[in-house]
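Hi everyone, thanks for coming along. I'd like to walk you through a structure that may be new to you, so please have a look at it while I talk.

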Amino acid sequence: MARPRRSHITPAKVAIALAVLTTIFAMIASALNAISDGDPFEVGLHQFAMILMLAAYSFLILVIMSSRKKKIASLQVMDENELLSIAPCVRSEVVVLDQSSIDAGTKGPLSKIPYASRFAMRVAVARSLKVDESSIEALLLFPNLAILDLQDATVDRGFWDALEDLSSLDHVLANGAIDIALLKKISISIPEVKFWLEPKKLAIGSLVGTKPPPLAAIESN
């Protein structure tokens with residue numbers, strides 16, 4: 001049985017909540033103003049409430065406009081023996097994580113990456129790291145993440161249970177990171193995700209990586 005998704009605070013949710021709350025406040029202020037028969041305090045409260053409501057709806061419109069996303073091309077994944085070829089994909093769409101960045105989660109350096117860049121990330125490499133349930137928060141910074149490389153990572157059961165929160169995920173390279181018995185249980189909740197259990201090297205465009213190098217060492221071709 002699939003686990004219910006956790007709710008995450010987003011700008012859209014905040015904007016909607018503010019719009020609802022300020023609308024209720026404005027309705028109450030309007031009623032009080034009507035009952036008070038022109039009392040200066042009630043009139044001022046009504047005007048203040050209307051200004052707040054206008055600001056809240058302006059913020060909501062801004063969030064909706066800024067959240068419009070360009071269509072993201074689907075990644076094509078081809079198994080070529082020891083290589084897993086991914087296209088169309090360029091270097092700027094790959095993030096290589098280290099232990100400190102994944103441990104820091106949403107409060108670390110990953111959160112400093114501009115949203116447009118995080119939106120473009122399609123592949124995350126976290127090989128040989130220690131990955132626990134809280135690590136999912138760091139990966140949620142990349143809303144279009146489709147491929148996750150966890151080869152030889154030490155992964156807690158809680159992380160696998162939370163993996164379904166990555167709604168765009170299609171492939172997980174899990175050699176050395178998960179046993180067959182656990183994989184069978186996890187696959188029930190996320191049957192749409194393909195797990196690769198054989199050792200694989202990633203081939204991104206014309207670039208083939210034999211090991212997950214430091215982020216700055218990979219260059220696009």
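Let me begin with a term we'll need in a moment: two strands count as paired if DSSP finds at least two bridges between them. One more thing before we start: what you see is a predicted model.

With that in hand, let's look at strand β2. Which residue in β10 is the bridge partner of Leu83? The partner is Lys201. That contact belongs to a parallel pairing, in which β2 and strand β10, residues 201–204, are joined by 4 bridges. On to β1, residues 76–80: this strand runs antiparallel to β2, and 5 bridges join them. As an example from that pairing, Gln76 has Ala87 of β2 as its bridge partner. β1 and β2 make a hairpin, with 2 residues between the strands. If you look into the turn, you'll find Asn81, which has a positive phi of about 60°. And is β2, residues 83–87, mostly covered or mostly uncovered? Mostly covered: 4 of its 5 residues are buried.

A quick word of background here. Strands in a sheet pair through backbone hydrogen bonds, and they can do so in parallel or antiparallel fashion.

Now to another sheet. This one is open, has 5 strands in the order β3-β4-β6-β8-β9, and its pairing is parallel. At the edges sit β3, residues 94–96, and β9, residues 194–196, each pairing on one side only. From one strand to the next, the twist averages 15°. Let's zoom in on one pairing: β4, residues 123–125, and β6, residues 147–149, are parallel partners over 3 bridges.

The side chains of Arg127 and Asp149 meet at 2.6 Å, N to O. Arg127 is in the loop between β4 and β5, while Asp149 is in strand β6, so this pair ties together parts that are 22 residues apart in sequence. Both of these residues are buried.

How many salt bridges are there in total? The count comes to 3. Another one joins the side chains of Lys200 and Asp79, at 2.4 Å from N to O. Lys200 lies in the loop between β9 and β10, and Asp79 lies in strand β1, so parts 121 residues apart in sequence are tied together. Lys200 is buried, with a relative accessible area of 5%, whereas Asp79 is partly exposed at 43%. Then there is Asp161 with Arg157, where the closest N and O atoms are 2.9 Å apart. Those two both lie in helix α6, residues 157–162, and are 4 residues apart, about one turn of the helix. Asp161 is partly exposed at 24%, and so is Arg157 at 42%.

Let's turn to helix α1. Why do we say its length agrees with expectation? At 1.5 Å a residue, its 26 residues should span 38 Å, and the end C-alpha atoms are 37 Å apart, which agrees. Its buried residues include Ala15, Ala19, Thr22 and Ala26.

Phe25 and Phe48 form an edge-to-face pair, 6.5 Å centre to centre, with 75° between the planes. This pair links distant parts of the chain: Phe25 is in helix α1, residues 11–36, and Phe48 is in helix α2, residues 40–66, 23 residues apart. Phe25 is partly exposed at 29% relative accessibility, and Phe48 is partly exposed too, at 45%.

Tyr115 and Phe119 form a tilted pair, with 6.2 Å between centres and 35° between planes. They are 4 residues apart in helix α4, residues 115–120, and so are separated by about one helical turn. Tyr115 is partly exposed at 43%, while Phe119 is buried at 10%. Elsewhere, Phe159, Trp160 and Phe195 make up one aromatic cluster.

The charged end of Lys194 sits over the ring of Trp196, 4.5 Å from its centre.

Definitions and conventions:
Residues numbered from 1 in each chain as written. Predicted model: local features only at pLDDT ≥ 70, side-chain atom pairs only at ≥ 80, totals over all residues. Heavy atoms only, no water. Axes fitted to C-alpha atoms, helices over the stretch in contact; angles between N-to-C directions. Phe/Tyr/Trp six-rings, centres within 6.5 Å; stacked < 30°, edge-to-face > 60°. Buried < 20%, exposed > 50% of the residue type's maximum accessible area, 1.4 Å probe, protein only. Lys NZ or Arg CZ within 6 Å of the ring centre and 35° of its normal. Expected span 1.5 Å × (residues − 1). Salt bridge = Lys/Arg side-chain N within 4 Å of Asp/Glu carboxyl O.
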